[in-house]
Amino acid sequence: MRILVVEDEPDLLRGLTRSLREEGYAVDTAADGEDGLCKAETVNYDAVVLDVMLPRLDGWEILRRLRATKKTPVLLLTARDRSADRVRGLDLGADDYLVKPFDLPELLARLRALIRRSASATRSVIELGDVRIDLAARTISRNGTAIVLTAREYVLVEYLALHRGEVVTRTTLYEHLFDDTDDTLSNLLDVHVSNVRKKLGHAFIATRRGHGYCIEE
Amino acid sequence: MRIPKSIRWRLQLWYGALLVAVLSGFGFTAFHFARARQLRRIDEGLQKRVSVLVDALRVARPAWRTDVRPRPIFTPTQAELFDDEAGHYFVIWMQGPEPILSSLVAPAGVPKPGSGDALPRMRGDFRETFLFAAPVNCVLVGRRISAEQADLRTLAALLVTVGSAVLAAGFFGGWWFVTRALRPIAEISATAEKIAAGDLSQRIGTAETDSELGQLAAVLNSTFTRLETAFAQQARFTSDAAHELRTPVAVMLTQTQSALARERTATDYRETLESCQRATQRMRRLIESLLELARFDAGQEPLRRVACDLAKIAAECIELIRPLVTARGLTMHTALSPAPSYGDAERLAQVVTNLLANAVAYNRTDGEIRVTTELRGGIATLTVANTGPGISAENLPHIFERFHRADLARTGSAGHSGLGLAIAEAIVHAHGGTIAVVSEEEKGATFTVRLG
C-alpha cells in the first residue's frame with residue numbers, strides 16, 4: 001500500500017510518515033501543493049493524505065485537478081472545521097475528512113477504511129481457504145492460529161488479497177509497496193513473497209511467469 | 001393612582017386633561033353668559049312693570065286721596081304687560097301682611113317682602129321684584145321662569161353632549177395620531193429585540209427618513225452595521241486564533257502518539273521532544289501576541305513614553321537583524337537622519353523589527369531593503385522598503401488585519417503568526433501615529449510609520 005502525504009508543517013509530516021511506515025505503508029511526502037499534485041498525478045497511490053492549507057497550491061485546488069484524472073482515495077486534513085468547509089471538501093471529491101488536531105489511531109483507521117472501500121471490500125475480513133485476513137486489526141490467521149508477519153509482508157498479502165483473482169504485476173506491486181526511499185532494483189519483493197509462502201503455504205501466492213503474482217479466489 | 005409609564009398613555013393623559021380643561025372652561029363660560037343674559041332680560045321686564053304699576057296706581061289714587069282704595073288704572077298698552085304669555089303678575093300690599101290686590105294669574109300666598117330683602121328675589125319657579133312706594137305700601141311684580149330654566153338645562157345638556165363628543169373625538173384622534181407617530185418606535189424596538197436575541201443582520205426599515213424617528217433609525221442602523229462588522233471581525237479573529245493553535249497541537253499529538261506506539265531509540269525520543277518543543281514555542285509566541293493585542297484593544301498596555309530618536313532605534317534594530325539579512329543574501333541600504341520623537345523606545349523597536357523581519361521574509365533572492373528615518377514636516381517618519389513580490393491590490397487593504405496572510409498557508413513554521421503587522425499597527429496607533437503601506441505587485445512594498 002503506497003500512500004502520499006501532503007503536509008507543509010515539517011514536524012507533522014515527519015510524525016505522520018514515521019507512523020505510516022511502521023504500519024507497513026510505503027510513504028511518499030510532499031511539503032507544498034505543486035509537488036503534491038505532481039506526485040499524485042504520476043503515481044497510482046492507494047490513498048492520499050492531503051492538508052488543505054498548503055503553500056503555492058491549496059488542498060481544494062489539488063483535489064479539483066486530481067479528480068480530473070484520478071480516483072485515488074483522498075483523506076483531507078484541515079484545521080477548519082466549519083461544516084461548510086467539510087461540505088466543500090466532500091463535494092470536491094474528498095473521500096474522508098479529518099479535523100486537526102486528530103488522533104493518530106483514528107487517522108490510521110480511516111486510511112484503512114478508505115483503502116478497503118476503494119478495493120470495494122466493505123467487510124473488514126477476507127477469508128481465503130484456511131487463511132483469514134482481518135483488515136481492521138491487520139492480522140492474519142491460518143486455521144485459527146495467528147501468523148506473525150512483518151508489516152511489509154502483511155501489506156503484500158493485503159494488496160494481493162484485495163485484488164484476489166487478478167494477476168498483479170511486479171511493477172504494480174513495487175509501485176504500491178515501496179516508496180521513493182526504497183531501492184526498487186533490489187530483489188526485496190522476491191524475498192517478501194518467499195517469506196509469506198513459508199508462513200502461509202507455497203500455494204497461497206501463485207506465480208504467473210512473465211506476468212506477476214496472484215492469489216486465487 | 002399609578003401613572004402609566006408608556007409614552008402613549010402619558011401623552012393621552014396629558015392632552016385628555018388639557019382637552020377637558022379647555023372644553024369645561026368654554027362650556028361653563030358659555031352657560032353662565034347665557035344664564036346671566038336671560039336673567040337680565042327677565043329682570044328688565046320685571047323692573048319695567050314695577051314702574052308701570054306704580055304709575056298706574058298713582059293715576060288712580062293721587063297721594064292726597066287717602067280715602068280711595070288703591071287700584072291701578074292701566075292704559076291698554078300697559079294692561080298688555082300683565083296679560084302676556086310669560087304670565088307676569090302683580091301683588092299689592094298696604095300696611096298689613098295680607099295683599100289688598102293681586103292680579104288674576106298671581107299664584108296664591110305670595111309672602112310680603114321685608115324691607116331688607118335682596119332684589120330681585122327667587123322663590124321656587126318664580127322670580128319677583130318689588131318696590132316700597134306710595135300710594136301703597138309695597139308693589140311686587142313676578143313671573144314664572146321654569147320655561148327659561150328648562151331652556152338653560154337644555155343648553156347645559158347640549159354643552160355637555162357636544163363637549164363629550166369633542167373630547168371623545170379628540171381622544172380617539174389623538175390615539176390614532178400617537179399610534180401612527182409611535183409606529184417607527186415599535187419597529188425600532190422589535191428590530192432591537194431581534195438584534196439583542198443575536199440576529200445582528202437585522203435593520204430597521206423605515207421610509208420616513210425626514211422625521212426625527214427616521215433620523216434615529218438611520219443612526220441606529222449605522223450603529224448596528226458597525227456592531228455587526230466588529231462582531232464578525234471578533235468572531236473571525238477568535239476562530240483564526242483557534243485555527244492557528246490547532247496545527248501545533250496536531251504536531252504534538254501526532255509526534256507523541258507516534259513515539260509512544262513502540263519502543264524507540266534515544267535519538268527518536270530526542271527528535272520527538274524537539275518537534276514538541278517547536279510546537280510549544282509556536283503556541284507560546286501566538287498566545288503572547290494574542291494577549292498583547294488584547295491588552296492594546298482594552299487600552300491596558302502602558303506606554304513608557306520618553307524623548308527618543310527613531311533613527312537610533314532603527315539603527316539598533318538593523319544591527320540585530322543584519323546577520324539574517326546577510327544570510328539571505330540581501331543588501332541593506334540605510335539613510336537615517338535624526339527623527340526625534342516622544343515614545344516608548346522598546347515598543348517602537350518592536351515595530352521596526354517587525355517591519356524589517358517582514359522585509360526580509362517577503363523579499364526576492366539578492367533583493368534590497370531600504371530603511372530611512374527623517375523629520376517630515378516636523379513629524380518623525382520611518383520607511384522600510386523591500387524589493388519583494390509586493391502585495392496585490394486585493395490584499396493591500398487587509399494587510400494590517402489580524403491573521404491576514406497574502407499566502408493563506410504561510411503558517412507559523414517560519415515564525416510568522418500573522419499578527420506582526422496588527423501588533424505594529426496597534427503600537428503605532430497607541431502612540432497616536434499612523435502606519436501605511438504602498439505596494440504594487442512585483443515592485444516591492446514600502447511601509448511608512450509617522451509618529452504624530
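**Entry 1: the model.** I noted that this is a predicted model, in which local features need pLDDT of at least 70, side-chain atom pairs count only at pLDDT 80 or more, and totals for chains, interfaces and linings use all residues. Residues are numbered from 1 along each chain as its sequence is written, while chains are lettered from A and ligands numbered from 1 in the order in which they are written.

**Entry 2: chain A overall.** I found 8 helices and 12 strands in chain A; helices (H or I, at least four residues) and strands (E, at least two) are DSSP runs, numbered from the N terminus. I then looked up burial, calling a residue buried if 20 or more other C-beta atoms lie within 10 Å of its own, exposed if 12 or fewer, and partly exposed in between, with C-beta atoms placed from the backbone. Buried residues make up 41% of the 217 residues in chain A.

**Entry 3: nonpolar cores.** I used the term nonpolar core for a set of buried Ala, Val, Leu, Ile, Met, Phe, Trp, Tyr and Cys residues joined through C-beta atoms within 7 Å. The largest such core has 64 residues, and A:Ile3 and A:Leu50 touch the most other members. Helix H6 (residues 151-162) of chain A gives the most to this core, namely 8 residues. Leaving aside residues up to four places away in sequence, I listed the contacts of A:Ile3, among them A:Leu20, A:Tyr25, A:Val27 and A:Val49. A second, separate core has 36 residues, including B:Ile313 and B:Phe447.

Entry 4: S10(A) is joined by 2 bridges to strand S12 (residues 212-214), and A:Thr169 stands opposite A:Gly212.

**Entry 5: A:Asn195.** This residue lies in helix H8 (residues 188-200) of chain A. Is A:Asn195 buried or partly exposed? I recorded A:Asn195 as partly exposed, because 15 other C-beta atoms lie within 10 Å. The C-alpha atoms of A:Asn195 and A:Leu149 are separated by 8.7 Å, although the two are 46 residues apart along the chain.

**Entry 6: strands of chain B.** S7(B) pairs with strand S9 (residues 368-376) in the parallel sense over 6 bridges, and I found B:Thr331 opposite B:Glu368.

**Entry 7: helices of chain B.** The axes of helix H3 (residues 146-196) and H4(B) come within 10 Å and cross at roughly 10°; axes are lines fitted to C-alpha atoms, for helices over the stretch in contact, and angles run from 0 to 180 degrees between N-to-C directions. H3(B) and H4(B) are therefore roughly parallel to each other, the term for angles under 35 degrees. Among the residues that meet are B:Ile188 in H3(B) and B:Leu220 in H4(B).

**Entry 8: between the chains.** I found 21 residues of chain B in contact with 22 residues of chain A. On the side of chain B that touches chain A, H4(B) gives the most, with 11 residues.

How values were computed:
Two residues are in contact if their C-beta atoms, placed from the backbone, lie within 7 Å. Two strands pair if DSSP finds at least two bridges between them. Angles under 35 degrees count as roughly parallel, over 145 as roughly antiparallel, 65 to 115 as roughly perpendicular and the rest as oblique.
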